[in-house]
Amino acid sequence: SVLFHCLTAKLLYLSHRARPGIQTAVSFLSTRVQEPDVDNYKKLGRCIQYLKETSDLELTLTAGDLGSIYCWIDASYAVHPDL
């Protein structure tokens, strides 16, 4: 449980600072830090594997005007079994 909590906290930091595409997954994992089960560990591993496989992706930020910043992400990584 301590390892799960520690890794989830690190993912939370990454999701806020550099990888907004994992925010949904990390927010789910954050609700499971008290009593993670085997499935939660698998989800944590999948999130870490995603980060390893997409480490070369760039975070692209654009601005339409000085008051708006837009971030484009693909949050549907390997959601279908046939991919």
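## A left-handed crossing

Helices α1 and α3 cross with a left-handed sense. This comes from a predicted model. In it, α1 covers residues 2-17, and α3 covers residues 38-53.

The two axes come within 11 Å of each other and cross at roughly 40°.

## Where the helices meet

Which residues of α1 and α3 meet? From α1 come F4, L7, T8, L11 and L14. From α3 come N40, Y41, L44, C47, I48 and L51. Nine residues of this contact are nonpolar and two are polar. None is charged.

## The chain as a whole

The protein chain holds three helices and two strands. Read from the N terminus, the order is α-α-α-β-β.

The protein chain has 83 residues, and 19% of them are buried. Contacts also span the sequence. Take those between residues at least 6 apart in sequence: 56% of them join residues at least 24 apart.

## Confidence in the model

How confident is the prediction, and where is confidence highest and lowest? Across the protein chain, pLDDT averages 83. A score of at least 70 is reached by 78% of the residues.

Helix α3, one partner in the crossing, has the highest confidence, with a mean of 94. Strand β2, residues 68-71, has the lowest, with a mean of 68.

Notes: Residues are numbered from 1 along each chain as its sequence is written. This is a predicted model: local features need pLDDT of at least 70, side-chain atom pairs count only at pLDDT 80 or more; totals for chains, interfaces and linings use all residues. Side-chain values use heavy atoms; hydrogens and water are left out. pLDDT is the predictor's confidence in each residue, from 0 to 100. Helices (H or I, at least four residues) and strands (E, at least two) are DSSP runs, numbered from the N terminus. Axes are lines fitted to C-alpha atoms, for helices over the stretch in contact, and angles run from 0 to 180 degrees between N-to-C directions. A crossing is left-handed if the near helix is turned anticlockwise from the far one by less than a right angle, and right-handed if clockwise. Contact means heavy atoms within 4.5 Å. Ala, Val, Leu, Ile, Met, Phe, Trp, Tyr, Cys and Pro count as nonpolar, Asp, Glu, Lys and Arg as charged, and the others, Gly among them, as polar. Buried means under 20% relative accessible area, exposed over 50%, partly exposed in between (1.4 Å probe, protein chains only).
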